[in-house]
Amino acid sequence: MKRPLTTTMAILAATLLHAQQLHYPKAVKDGTVDNYFGETVADPYRWLENDTSQQTAAWVDAENRVTNAYLQRIPFRRKLLGRLTELTNYEKIGAPRKRHGKWYFYKNDGLQNQYVLYQMDRLGDQPRVFLDPNTLSADGTVALKGTYFSHNGRWMAYAVSRSGSDWQEFYVIDLSTGQRTADHIEWAKFSGAAWLGDGFYYSAYDRPEGGKEYSTVNEGMKIYYHKLGTPQSDDVLFYQNPTQPKRFYDVIVNDEETLMYLTESGAGAGNNLYVRDLRQPHSQFIQLTSDMDYQYYPVYDDGSTLWIYTNYGAPKGRIMTADLRRPGISHWRELIAEQQNTLNSFDVISRQLILNYSQDASDHAYVYSLDGQLRHEVALPSVGSVTFTGDKHGEECFYTFTSFTVPGTVYRYDIALNQSTPYAQPAVRFRQQDYETRQLFFQSKDGTRIPMFITYKKDRGQSSGAPRKPRPVYLYGYGGFNISLGPSFSATRIPFLEQGGIYAQVNLRGGSEYGEQWHLAGTKMQKQNVFDDFIAAAEYLIREGYTTSDLLAIVGGSNGGLLVGACMTQRPDLFRVAIPQVGVMDMLRYHKFTIGWNWASDYGTSDDSPEMFRYLRAYSPLHNLRPGTPYPATLVTTADHDDRVVPAHSFKFAATLQECQTATQQQSAEPLPPVLIRIDTKAGHGGGKPLAKVLEEQADIYSFILYNMGLKYK
């Protein structure tokens, strides 16, 4: 195993690596200035928001040429890509699920760009390909986003996205023949297919203006009903709310097609819930809730009683029941009370409630009867994350378990006996027993106790325990939108671990690890807590001897890209490398693109008040870059079809960062680290990205990290 260089050697090596300074593309500056409550803010690279202009295209091409040339010069990049490819080339199988007498499951043979959907007549039979997304495009950039079986067993709708965009298209397969019908739906977004008879409901927007498909604000979501065999132009408008154009609406129909639910979200951290009795002619929706600061999701129903998950009155979540005759929230009854740990998922399988709780960011699952009686805790293999698969009236139950050192393994689970049997266990080409995961706890700036997982290769001759010497660290976090980071496996981390690196995953405030209070502690005018937590994690790892500043890289995507951008501007001295991926970098204008308005519940907006504007400006990565400050080696990543966090965020941040680093270089006798932007094509925010593109990107990221730490790859 290669030992990391000493701090002095790392600095010397990095200086030699960057002796030949990069020449960044010239980005022209215009005179754009905005006025916020009487205060002016310059935005000289506003023109980069126009992602379809020739000027922006020329800048993107110039940036990619500089970045690609730099990455290709890294002497071990190709070898690292080869190892990544080797490690990823293993069979990956998902849990099977029964639908109308047939079994379906996803599988990837190893290096397929997209997972393939297979069908079996019975468990254990020879599977046959049912739907292969790899045949939908030559380069694997068409991804399968979801499958939806009709309740009568005749049809399956499926959604695809192209080039990583959030836009969805729906197609339909006749299950009796396996052939695709002529049905085709466009411009759906964040939608499933809710079947009712021989048709389904879906959520969509009006066709956007040409050339602005991936940047224009998404407003006015509508729900349509599509009757099979008819063109989309004949689809019936089922629901819209013109008074609230910036909200999401979705329909759910139960298996018996007796009840229909409507969810409304986008104006808070939760949603409103409505129900309609389809057995009553001309029935209308009944509103159950009226506060979108809390979550309300249907879990199960028996035709007269509704089982509902909510965190209303229970920040860590609980299960309640409602009588369909009086379904308003004031009449709900508590079935399973809030627990010490956070309820983060729920399933009904074989008429049993399976509730999954998070305890210090790892999963613990329990089986309850439908009347709320605890039966037993599920005996999971070890500390990790779990997802269950099964039908509410079916006999079979499966779960998929993973941890930092265990790839996704499918178990067949006997609920009555509380026994698990391995069903599909992947074989990855690495020695799992050589690696160890530990959970650490440290104090943030305000004294809050924060958890963090670290995974690393054990020292030679050591059965367990902390690494003996400082090592390179890949520090990852997210910290927002009530999203929890649990243990998970990724083959792409292994080459870094093999080199003696440490993968550190910190559970920041803003997530759901400890319930809604933990989430709120990292939102709006408490968002700085998230950055303080991440900085404190880095300081703890250095203080305890796990690493040094010269061996520390920080990485995060989307809201995590914001995290990296904020921390590298607040503490540029603390990190050697920064990788902000598809990040929200302009906190003053994020809400003016696609669905950015939906993030206001976590961030607030610059339009809210002078106080909110000043708070956002104080940490906005774009607005806190300063000439004269030496920033870490930085690789910004984004993609041309990202319509979740539009690439303008990364474009403007990279242009400004290069301008600042160039100005700083003119004042410094020593070469400064590179600041580059990697702009992928035919790719989006990350979902559905073909494996070939994933491997190329990961090779670039890990090569950039090791190279700028002054390390070699063996």
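First, what counts as a cavity here: on a 1 Å grid over the protein atoms alone, a cavity is a set of points where a 1.4 Å probe fits but cannot get out, and lining residues have an atom within 4 Å of a point. Residues are numbered from 1 along each chain as its sequence is written, and side-chain values use heavy atoms, with hydrogens and water left out. Bear in mind that this is a predicted model, where local features need pLDDT of at least 70, side-chain atom pairs count only at pLDDT 80 or more, and totals for chains, interfaces and linings use all residues.

**Stop 1: the second largest cavity**

Select D34, Y36, V41, A42, D43, D586, L588, R589 and H623, and you have the lining of the second largest cavity. Strands β1 (33–36) and β2 (39–42) are the elements that give two or more residues to this lining; strands (E, at least two residues) are DSSP runs, as are helices (H or I, at least four), numbered from the N terminus. By class, you'll find four nonpolar, one polar and four charged residues here. Ala, Val, Leu, Ile, Met, Phe, Trp, Tyr, Cys and Pro count as nonpolar, Asp, Glu, Lys and Arg as charged, and the others, Gly among them, as polar. The volume is about 30 Å³, taken as the space filled by probe spheres set on the grid points, which are joined across faces, edges and corners.

**Stop 2: the largest cavity**

Now pick F404, T405, F430, T455, F489, S490, R493, I494, L497 and Y503, which line the largest cavity. Its volume is about 60 Å³, and its lining splits into six nonpolar, three polar and one charged residue. How many cavities of 30 Å³ or more does a search of the whole structure find? Two.

**Stop 3: α2 and α10**

Show residues 54–73 (helix α2) and 648–665 (helix α10): they pack at an angle of about 60°, with their axes 12 Å apart. Axes are lines fitted to C-alpha atoms, for helices over the stretch in contact, and angles run from 0 to 180 degrees between N-to-C directions. That angle makes α2 oblique to α10; under 35 degrees counts as roughly parallel, over 145 as roughly antiparallel, 65 to 115 as roughly perpendicular and the rest as oblique.

**Stop 4: α6 and α7**

Move to α6 (residues 528–543) and α7 (residues 559–570), whose axes come within 10 Å and cross at roughly 70°. So α6 is roughly perpendicular to α7. Highlight Q528, V530, F531, F534 and I535 of α6 with L562, L563, A566, C567 and Q570 of α7, which make the contact. Eight of these are nonpolar, two polar and none charged.

**Stop 5: α3 and α11**

Last, select α3 (residues 77–88) and α11 (residues 691–708), packed at about 135° with axes 9 Å apart. The two are therefore oblique to each other.

Technical notes: 1 Å grid on protein atoms, 1.4 Å probe; cavity = no way out; pocket = protein on both sides within 12 Å on 5 of 7 lines; lining within 4 Å. Contact = heavy atoms within 4.5 Å.
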